[in-house]
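This report goes through one protein model. It starts with the overall fold and ends with single residues.

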Amino acid sequence: MINFFRKIRRGLLSENKFSKYLVYAIGEIILVVIGILIALQINNWNENRKDAIQEKVVLKNLLENLHLARSQSVSLISKEDTLKRRLIRILGIGSNPIKIAPIPDSIFKRAVWDLESDKPTFNAYDNLKNTDKLSLIKNKSISEKFTELEFQLNKLNDILEDRLSVHQIRIDDILEKEINFVPLVKSNVPEINIENEEENDYNQLLTNGRIRNLLGMKLTFTQDVIDRRKDLDREINELIMLLQHELDH
């Protein structure tokens with residue numbers, strides 16, 4: 001092809017047809033430019049196609065991780081609700097309070113001892129953020145939603161740390177100083193014999209104003225944790241729907 005154009009060029013020059021050669025030369029330049037533009041367009045199309053494929057992989061990974069996080073979130077909220085009910089029960093402050101006499105060791109232990117500090121995990125999002133692959137996501141609403149997710153996760157983390165701090169400093173003190181803790185070990189180590197252990201009168205213990213206040217503080221923190229967990233759960237659910245919609249269209 002190159003030799004063909006060269007022969008035409010030489011023929012025009014040898015016949016002194018300069019004006020025709022000039023038109024030909026301009027035409028040849030235009031063809032070269034068009035060829036370059038087409039090549040660039042094809043290259044851009046290929047790059048965009050590759051980015052689109054990678055974006056889909058990123059969205060699928062995020063969606064899979066979010067489904068796992070949602071499952072974790074639902075489980076954690078359920079555990080917090082159970083703890084809340086136990087605290088209300090031993091304090092006898094439910095809408096229809098039932099006097100438990102005596103309060104079993106296992107119920108008192110779970111209400112006072114239990115504390116859930118786990119959070120849903122977002123490994124896929126963290127990994128993508130570290131590798132800067134989140135930039136592949138073209139839908140800005142998804143990026144904004146993940147920012148809101150991080151905000152809600154930080155709020156949950158703050159309240160969890162506050163509750164843990166109060167628990168370690170104040171509430172654990174009840175188990176150390178106010179009761180005989182050995183009978184409470186029975187639920188974890190069933191083979192032990194506690195017949196000779198002094199029994200705990202939890203109803204009497206819970207007439208102590210300081211102890212009631214401490215458990216009331218734990219109940220308040222637990223409700224705050226439930227609220228933050230539900231806020232995070234709502235963000236997870238909205239992100240799942242947003243990602244699913246993006247993948248379907």
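What follows covers confidence, fold, aromatic pairs and several residues with their contacts.

## Basis and confidence

The model is predicted: local features need pLDDT of at least 70, side-chain atom pairs count only at pLDDT 80 or more, and totals for chains, interfaces and linings use all residues. Residues are numbered from 1 along each chain as its sequence is written, and side-chain values use heavy atoms, with hydrogens and water left out.

pLDDT is the predictor's confidence in each residue, from 0 to 100. Its mean over the protein is 86, and 85% of the residues reach 70 or more. Confidence is lowest in helix α1 (residues 2-14), where the mean is 53, and highest in α8, at 96.

## Fold and surface

The protein has eight helices and zero strands. Helices (H or I, at least four residues) and strands (E, at least two) are DSSP runs, numbered from the N terminus. Buried residues make up 31% of the 249 residues; buried means under 20% relative accessible area, exposed over 50%, and partly exposed in between (1.4 Å probe, protein chains only).

The accessible surface of the protein comes to about 15,800 Å², and 54% of this belongs to carbon and sulfur atoms. Accessible areas come from the Shrake-Rupley method with a 1.4 Å probe; for residues, only the protein chains shown count as cover.

Contact means heavy atoms within 4.5 Å. Among contacts between residues at least 6 apart in sequence, 82% join residues at least 24 apart.

## Aromatic pairs

A search of the whole structure finds three aromatic pairs. Rings of Phe, Tyr and Trp (its six-membered ring) pair if their centres lie within 6.5 Å; planes under 30 degrees apart count as stacked, over 60 as edge-to-face and the rest as tilted. Two of the pairs found are described here.

The ring centres of Phe108 and Tyr202 are 4.1 Å apart and the planes lie at 15°, so this pair is stacked. It links distant parts of the chain, with Phe108 in helix α3 (residues 105-113) and Tyr202 in helix α7 (residues 202-205), 94 residues apart. Phe108 is buried at a relative accessible area of 0%, and Tyr202 is buried at 1%.

Tyr125 and Phe146 also form a stacked pair, at 4.5 Å centre to centre and 5° between the planes. Tyr125 sits in helix α4 (residues 123-131) and Phe146 in helix α5 (residues 140-177), so that distant parts of the chain, 21 residues apart, are linked. Both Tyr125 and Phe146 are buried.

## Helix α8

Helix α8 has 40 residues and reaches 58 Å from its first C-alpha to its last, close to the 58 Å expected at 1.5 Å a residue. The expected span is 1.5 Å times one less than the number of residues. At the start of α8, a side-chain oxygen of Asn208 reaches to within 2.9 Å of the backbone nitrogen of Arg210.

Arg210 is in helix α8 and counts as partly exposed, at 35% relative accessibility. Leaving aside neighbours within four places in sequence, Arg210 is in contact with Asp173 and Glu178. The C-alpha atoms of Arg210 and Ile174, 36 residues apart along the chain, are separated by 9.8 Å.

Arg229 is in helix α8 (residues 209-248) and is buried, with a relative accessible area of 3%.

Leu247 and Leu59 are 188 residues apart in sequence and 7.3 Å apart in space, C-alpha to C-alpha. With residues up to four places away set aside, Leu247 touches Lys56, Leu59, Lys60 and Leu63.

## Side-chain polar contacts

A polar contact is a pair of N or O atoms within 3.5 Å; within protein, one must be able to donate a hydrogen and the other to accept it, and residues adjacent in sequence count only if both atoms are side-chain atoms.

| Side chain | Partner side chain | Distance |
|---|---|---|
| Arg229 | Glu80 | 3.2 Å |
| Arg210 | Glu178 | 2.7 Å |
| Asp114 | Arg110 | 2.6 Å |

Asp114 lies in the loop between α3 and α4. Beyond residues up to four places away in sequence, Asp114 touches Leu83, Arg86, Lys109, His167 and Lys218.
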